[in-house]
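Subject: The structure you asked about

Hi there,

Here is the structure I promised to send over. Have a look at it first, and then read on for what turned up.

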Amino acid sequence: KGRFKMLEKMTALVRKKNVCVLATVSDHKPYCSLMAYITDGACKEIYMVTHKNTTKFNNLQKNPSVSLLIDSRETQPRANAQALTIDGVFIPLIDEDKKQNIRDRMLESFPHMKNFLHHPESEIIRIKINSFLLLDGLTESHFMSLKGL
């Protein structure tokens, strides 16, 4: 029971926010990008959009492992801030109907991104979440794997 309460706390932070830091890697070199995102209903996948000719997208093609950081530092005192690290994997999205649905949902959340979302070079990034690591305040941490859930 406590495990699911903690999972709810983690997914609540993901749902409350809409910007994350995406870390990709290529040739042993990390690369960070500030990204707008939405999530699926179960909070097991996160979706972002980028152009195909970017460093982050090229990195994802070479190495699908990613880390995401979502935090509450702008809404809570620093001593109480939450930082959620997500371990995930990039899975290309082939289904054009699903891509369009995600673009439509992103447009609702981020109307200023209309031209970016509809650009011919834009591509949906789908991240399957493997695990969450929540740092709650300065010292309290909680890990939760989604494998088997």
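Asp136 counts as buried, at 16% relative accessibility; buried means under 20% relative accessible area, exposed means over 50%, and partly exposed is in between (1.4 Å probe, protein chains only). Asp136 forms a salt bridge with Lys9, and their closest N and O atoms are 2.3 Å apart. The pair links distant parts of the chain, with Lys9 in helix α1 (residues 2–16) and Asp136 in strand β7, 127 residues apart. Lys9 itself is partly exposed, with a relative accessible area of 34%. A salt bridge here is a side-chain nitrogen of Lys or Arg within 4 Å of a carboxyl oxygen of Asp or Glu. Helices (H or I, at least four residues) and strands (E, at least two) are DSSP runs, numbered from the N terminus.

Before going further, please keep in mind that this is a predicted model, where local features need pLDDT of at least 70 and side-chain atom pairs count only at pLDDT 80 or more, while totals for chains, interfaces and linings use all residues. Residues are numbered from 1 along each chain as its sequence is written, and side-chain values use heavy atoms, leaving out hydrogens and water.

The structure holds 6 salt bridges. Another of them joins the side chains of Glu45 and Lys98 (3.7 Å, N to O). Glu45 lies in strand β4 and Lys98 in helix α3 (residues 96–109), so this pair ties together parts that are 53 residues apart in sequence. Glu45 is buried at 14% relative accessibility, and Lys98 is partly exposed at 32%.

Within helix α3 you will also find Lys99 and Glu96, 3 residues apart, or about one turn of the helix. They form a salt bridge whose closest N and O atoms are 3.6 Å apart. Which of these two is buried and which is exposed? Lys99 is buried, with a relative accessible area of 9%, whereas Glu96 is exposed, with 52%. Both belong to a network of salt bridges that links Lys52, Glu96, Lys99 and Glu123.

Next, the strands. β5 and β6 run antiparallel and are joined by 7 bridges; β6 and β7 also run antiparallel, joined by 9 bridges. Two strands pair if DSSP finds at least two bridges between them. Asp87, for example, has Ser131 in β7 as its bridge partner. In a regular strand the side chains alternate between the two faces of the sheet. The covered face of β6 has Gln82, Leu84, Ile86, Gly88 and Phe90, and its uncovered face has Ala83, Thr85, Asp87 and Val89.

Helix α2 (residues 55–62) is worth a look too. Its buried residues are Lys56, Phe57, Asn59 and Leu60. Seen down the axis of α2, they fall within an arc of 160°, so they line one face of the helix; the arc is that of the directions from the helix axis to the C-beta atoms. The elements that cover them include β1 (19–26), β2 (29–36) and β4 (45–51).

Finally, the whole chain. It has 4 helices and 8 strands, and buried residues make up 44% of its 149 residues. Of the contacts with a separation of 6 or more, 66% are between residues 24 or more positions apart, where contact means heavy atoms within 4.5 Å.

Happy exploring!
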